[in-house]
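Please look over the sequence and the structure shown below before reading on, and keep them at hand while you work through the points.

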Amino acid sequence: MFQEIKKYKKWKVLYNLKEPEVKISIIITLIFCAGLYLCDFEKNFSVFAQTVCDILGIVCGGLLVLIGFSIVGIAFITSLFDNKQMKIIEATGQEEKIENIMMSYVFSAFISGIVFIFLVFQIIFIKGPTQQIESVLFWVVSVADVYSILFCVFYIISLSYNTIELYKLKNTYQKVTELEKSLYESVNEVRIDFIIKALMELCDESLESIHSKMQMFIENSEIKDKNEILQYLNSHYNK
């Protein structure tokens, strides 16, 4: 897992200002923490301590949901493409793109787990006998809390958009496989028609005679979907 995260440099997403989730998280974090500072949150922390623990507990539950959502996202992507579509994806060089999105879900689950553990330790510390820490450390932790929580939320939202893009990609490859299948069926029809024509010339038999023998063979065989096959042959050779 860590090798793949390193390969795609996923940790850079945490501070890449080009990413919309980073921009939104930073703006909201600055506004929220500025509001806490103006309310003397640090000086009156003992008053807010229980409320903070309750909120952090709710957030921890939400992070577990995000982890579950990330795992579901990975399962969804792995089941999205069949073997034929995967061969086309490999041939067109799109395999890394899909793997990159999958690793984004892995990174989302990983970072949500780290934040979850971090918040649990904070709850334990707040409920402990010692709540006083240095002012700078207090605000560093506060900013880190708010930003990491917001980032986890907005990052999973951005991944949802990527999943929609993957679904569109699947539809494109589905059309390609259907086109290939249609072409393959057409080639088979031409091949069979050519063989039947050759038999008519070699054996001096009419098309109706060969068609009749084909019907008898199918009716006496144990082939599945006999009726559908006979219906197709009747429509194809009785034009």
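The model is predicted, and residues are numbered from 1 along each chain as its sequence is written.

**Aromatic rings**
- The count comes to 9 aromatic pairs, and one of them joins phenylalanine 41 and phenylalanine 45, whose ring centres are 5.5 Å apart with planes at 90 degrees, so this pair is edge-to-face.
- Phenylalanine 45 also pairs edge-to-face with phenylalanine 138, because their planes stand at 85 degrees, with the ring centres 5.6 Å apart.
- This second pair links distant parts of the chain, since phenylalanine 45 belongs to helix H3 and phenylalanine 138 to helix H6, 93 residues apart.
- Phenylalanine 41 has a relative accessible area of 11% and is buried, phenylalanine 45 is buried at 12%, and phenylalanine 138 is buried at 9%.
- One aromatic cluster is formed by Tyr37, Phe41, Phe45, Phe48, Phe138 and Trp139.

**A buried serine**
- Serine 25 sits in helix H2 (residues 20-38), and with a relative accessible area of 0% it counts as buried, because buried means under 20%.
- A polar atom of the serine 25 side chain lies 3.4 Å from the backbone nitrogen of phenylalanine 151.
- Leaving aside neighbours within four places in sequence, serine 25 is in contact with Tyr147, Leu150, Phe151 and Phe154.

**A nonpolar patch on the surface**
- Phe125, Ile133, Val136, Leu137 and Val140 form this patch, and together they have about 440 Å² of accessible area.
- Helix H6 (residues 135-203) gives the most to the patch, with 3 residues.
- Isoleucine 133, which is found in the loop between helix H5 (95-127) and H6, is partly exposed, with a relative accessible area of 31%.

How values were computed. Predicted model: local features only at pLDDT ≥ 70, side-chain atom pairs only at ≥ 80, totals over all residues. Heavy atoms only, no water. Patch = residues over 30% accessible without salt bridge, like charges linked within 9 Å, V, L, I, M, F, W, Y side chains within 5 Å. Areas by Shrake-Rupley, 256 points an atom, 1.4 Å probe, with all protein chains shown as cover. Salt bridge = Lys/Arg side-chain N within 4 Å of Asp/Glu carboxyl O. Helix = DSSP H or I, 4+ residues; strand = E, 2+ residues; numbered from the N terminus. Buried < 20%, exposed > 50% of the residue type's maximum accessible area, 1.4 Å probe, protein only. Polar contact = N/O pair within 3.5 Å; in protein donor to acceptor, adjacent residues only side chain to side chain. Contact = heavy atoms within 4.5 Å. Phe/Tyr/Trp six-rings, centres within 6.5 Å; stacked < 30°, edge-to-face > 60°.
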